[in-house]
Amino acid sequence: MDNKRVLRFQITAPQAGMTVRAFLGQELALTPHQISRLKFQEEGIRVDGRKVYVNHVLLKGEILTVGLTEQVSRRDTEGGRTARVWEPPAPSLCATPLRVLYEDEDIIVVDKPAGLVVHPSPGHYSDTLSNQVAEHLGAVGTALDIRVTGRLDKETSGIVTFAQNTEAAAMIQRQRAEGSLTKIYLALAEGRVEQTEGVVDVPLRRLRPGESFASQDSARIDKRMTAAPDGKPARTFYRVLEYCEDEEGVQRTLLACRIEHGRTHQIRVHMAYIGHPLAGDPLYGAAPRGSEQEKARRVPSALSDPRMCLHAWRLSMRQPFTGERIEVEAKAPDWADTESLQSLKSTGLYEDIKA
């Protein structure tokens, strides 16, 4: 597959004197491995139409063109295995057609339903969101470099972003690190969260063998995270949107959350840490899954969706190469579709959470 996406830069006075390698690293946030990959492509790196080495010193007014990578022959989207040829989506996905929220030459943003795995893994080679995206992009049967740039847990619904080339993925990760990419989540927590707004600033790491956790499902211990002083930094901001209870009087709190760092299960672990695990959470709830107590805590049947109540609702980011601001919203699930959500958007509280 030939490169179809070519970036064009006219070198300005402040950029003059930089090597091509420095330009690609600083302006496009490319890693040495990604720059090396471009070096060996016919249309990968050119200045004024001619191929150049990455140590070429750029002059003011020169035109640098970069042919982006669409196909990876040695590595797959995770960077460590033989390139995967995308399989057609499994027939089981016919009931959940792909919902595209935004698409351009570099990225595609979709709305994932709860219960769907994002990326192929053992036991899930064709029944994933990524297979649906590959079909949408016409990539079935190819090794197109489709990269997930912020996946969601199987149980979580909402916004997932895919990069259509490795360079766009690098730029998105740079935005995430800089804080210019923001995602707002909706979460239904068990109990009444008395503090109407707050931040949980607690490091997280994987639970180690032998360590206890509130949930007793030992078969899934390898998937759990825990709050620990020796973990990696993680910060979750939250706002109370509404207090509610089901027909049996079980209290819950609807929250809007924003995270920094984006650790595995971050919102789920942080809310459990402050005593308010998410409704329907199979890993971090206080009672063993399947017990009468756990069943009583689940989302009331009137809300139509018994899965874990966490939804990636809104995304704000810049287009990787043009810098244009992109705002995307995924339809709220039934358990979160309330008047308080409309109030969140109309009063500017959404911007407040983003800040």
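How many bridges pair strand E9 with E15, and in which sense, parallel or antiparallel? Strand E9 (residues 182-190) and E15 pair in the antiparallel sense, over 6 bridges. Two strands count as paired if DSSP finds at least two bridges between them, and the helices (H or I, at least four residues) and strands (E, at least two) are DSSP runs numbered from the N terminus.

Before going on, a word on the source: this is a predicted model, where local features need pLDDT of at least 70, side-chain atom pairs count only at pLDDT 80 or more, and totals for chains, interfaces and linings use all residues. Residues are numbered from 1 along each chain as its sequence is written, and side-chain values use heavy atoms, with hydrogens and water left out.

Back to E15, residues 310-318. Lysine 183 has leucine 315 of E15 as its bridge partner.

E15 is mostly covered, with 8 of its 9 residues buried (under 20% relative accessible area with a 1.4 Å probe, protein chains only; exposed is over 50%, partly exposed in between).

Now look at helix H5, residues 266-273. Because 6 of its 8 residues are buried, H5 is largely enclosed by the rest of the structure. The buried ones are Gln266, Ile267, Arg268, Val269, His270 and Met271. After H5 comes glycine 275, with a positive phi near 90°.
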